[in-house]
Amino acid sequence: MDLLETYRRSLAEFTDRVDQVGPEQWSEPTPCPDWDVRTLVNHVVGEDRWSVPLLAGRTIAEVGDRFDGDQLGDDPIAAARDAAAQAEIAATHPGAIERTVHLSAGETPAAEYLHQLLAEHLIHGWDLAVAIGAEPRLDPDAVRECARWFTGRIGDYRRDQLVHSEVELPSGADEQDRLLAAFGRDPNWAPAD
């Protein structure tokens, strides 16, 4: 599947899950240690906000600290929708995917950066879904593309401590569960009673 289409679908899927967060659920725990629902959504919204200037060729120094802190304000759902809409426009702008993006890790092809964002939306979308009791199934085409991409990067992510150790799964685990486990998630995670 086309990377841009897969990215767009993962972005929409994450935003759809944010729409399902109830007023009382923003402080619920997530599979991310020390992150509640609001912190998790704020993280992804921040990533979406960062993507706009980075995909336009700006450097981290040029962006500065404008996306530090709370990105959600008084209306987290509207903030997430707006950030996603702007991120989609930036990613699908003609020529954006052929650019070089200036990340903290160095100059990176935009296609690589979009794969990183795809993973952010998928994995944190699952985190959000299980935290609020929403449907946790992810877009299978996006899962397949993310798994294909991540296979070549697992070692780097673990070395840089960007993911937890892989979770052991029973034989016959499906592709989504294998991807979650590779990112250090227990596919059977549920909030404590």
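I looked up Trp 149 and Phe 150 first, and both are buried (under 20% relative accessible area; over 50% is exposed and in between is partly exposed, with a 1.4 Å probe and protein chains only).

The model is predicted: local features need pLDDT of at least 70, side-chain atom pairs count only at pLDDT 80 or more, and totals for chains, interfaces and linings use all residues. Residues are numbered from 1 along each chain as its sequence is written, and side-chain values use heavy atoms, with hydrogens and water left out.

Next, the rings. I took rings of Phe, Tyr and Trp (its six-membered ring) as paired if their centres lie within 6.5 Å; planes under 30 degrees apart are stacked, over 60 edge-to-face, the rest tilted. By this rule I get three aromatic pairs. The ring centres of Trp 149 and Phe 150 are 5.8 Å apart and their planes stand at 35°, so I log this pair as tilted.

Then Gln 176. I find it in helix α8, residues 175-182 (helices are DSSP runs of H or I, at least four residues; strands are runs of E, at least two; numbering is from the N terminus). Leaving out residues up to four places away in sequence, Gln 176 touches Trp 126, Pro 136, Arg 137, Leu 138 and Val 143 (heavy atoms within 4.5 Å).

Last, the strands. β1 (residues 100-103) and β2 (residues 106-109) pair antiparallel over four bridges; pairing needs at least two DSSP bridges. Two residues lie between them in a hairpin. His 102 has Glu 107 in β2 as its bridge partner. On β1, Val 101 and Leu 103 make the covered face, Thr 100 and His 102 the uncovered one.
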